[in-house]
Amino acid sequence: MLRRALLTACLLLAPVSAVAKTTREADLAFRDAKSSHGALKKDTARRKFRHHWLNVADKYEGVARGHPKTDRAPEALFAAAQMLEELSRISRNQEDLLRAASDYRRVVELAPRHGLADDAALEVARIQADLLGRPEDARRTAERALKQLPSGDKTRELRALLAALPADKRRKTGGGDGKGAPREALLAAMARMGAQETGQTPGSAVSPASTRAPTGEPRAVDAGGAVSGRDPSAHGAASAGRGAPAAGMGSERNGGAGAPGKDKGGTEAGG
């Protein structure tokens with residue numbers, strides 16, 4: 001009788017132990033990624049090279065891949081997205097912005113009821129509306145977020161974004177399917193936002209890759225120029241460290257100064 005009771009207790013506790021182990025592993029992986037991120041923020045030399053940013057983003061994304069059912073998964077994806085969005089304003093590489101949007105979207109898909117889901121949806125909608133020229137996609141994203149989290153802390157901003165979208169829901173751009181603006185329009189928007197952050201006029205950037213880049217997100221910058229957001233590990237605290245890093249990504253071989261160089265993979269650091 002006693003043996004049967006002990007066996008039953010072991011069977012009941014086994015899943016709990018497995019969940020606790022997974023949670024601990026996710027916490028450790030997230031802590032490691034956050035530590036690497038913090039070290040990069042403090043290292044002005046390494047911040048000039050795109051591959052260092054991507055390595056840290058990979059660590060954050062790895063938390064979600066390895067532990068998708070933990071609370072750390074959406075937090076890590078949100079942190080990766082914030083970091084990639086910040087990188088896009090310096091690398092002037094469209095791929096970094098698109099990857100950021102993808103990670104924000106994965107937060108919503110992975111944990112639609114999580115406290116960061118409406119924050120992530122708001123960022124996706126802003127990118128869709130302001131940079132990709134896809135107002136109807138932005139409308140759907142915002143409306144879905146309001147339906148899933150009607151009491152979320154981003155409700156007011158989501159409603160404001162909806163109110164600012166074009167009234168004509170059938171507005172078409174590019175090929176006429178309403179799903180994408182011409183590449184030239186996207187690049188022009190990137191250049192304009194880069195000028196807003198750097199104080200330059202479009203086309204005056206030092207890097208020849210400057211015309212390729214997203215350099216900011218309208219409506220996400222406060223009066224003091226700081227980018228607003230949430231710290232994914234704080235659930236409600238204001239996000240820190242989303243401001244643009246030192247301008248210019250130079251060659252690691254020449255100390256990172258001046259003109260853009262190449263990263264480890266031979267990719268132009270400026271895009």
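Trainee: Why are phenylalanine 30 and tyrosine 60 called buried?

Mentor: Phenylalanine 30 and tyrosine 60 are both buried, because the term means under 20% relative accessible area, with exposed over 50% and partly exposed in between (1.4 Å probe, protein chains only). The model is predicted: local features need pLDDT of at least 70, side-chain atom pairs count only at pLDDT 80 or more, and totals for chains, interfaces and linings use all residues. Residues are numbered from 1 along each chain as its sequence is written, and side-chain values use heavy atoms, leaving out hydrogens and water.

Trainee: How many aromatic pairs are there, and what makes the pair of phenylalanine 30 and tyrosine 60 tilted?

Mentor: The count is two. For phenylalanine 30 and tyrosine 60, the centres are 6.0 Å apart and the planes 55°. Rings of Phe, Tyr and Trp (its six-membered ring) pair with centres within 6.5 Å; planes under 30 degrees apart are stacked, over 60 edge-to-face and the rest tilted, so the pair is tilted. It links helix H1 (residues 2–42) to helix H2 (residues 50–66), 30 residues apart; helices are DSSP runs (H or I, at least four residues), numbered from the N terminus.

Trainee: Why is the pair of phenylalanine 78 and tyrosine 104 called edge-to-face?

Mentor: Its planes are 70° apart, with 5.5 Å centre to centre, so the angle falls in the edge-to-face class. Phenylalanine 78 lies in helix H3 (residues 72–91) and tyrosine 104 in helix H4 (residues 94–110), so the pair ties together parts 26 residues apart in sequence. Both residues, phenylalanine 78 and tyrosine 104, are buried.

Conventions: Helices (H or I, at least four residues) and strands (E, at least two) are DSSP runs, numbered from the N terminus.
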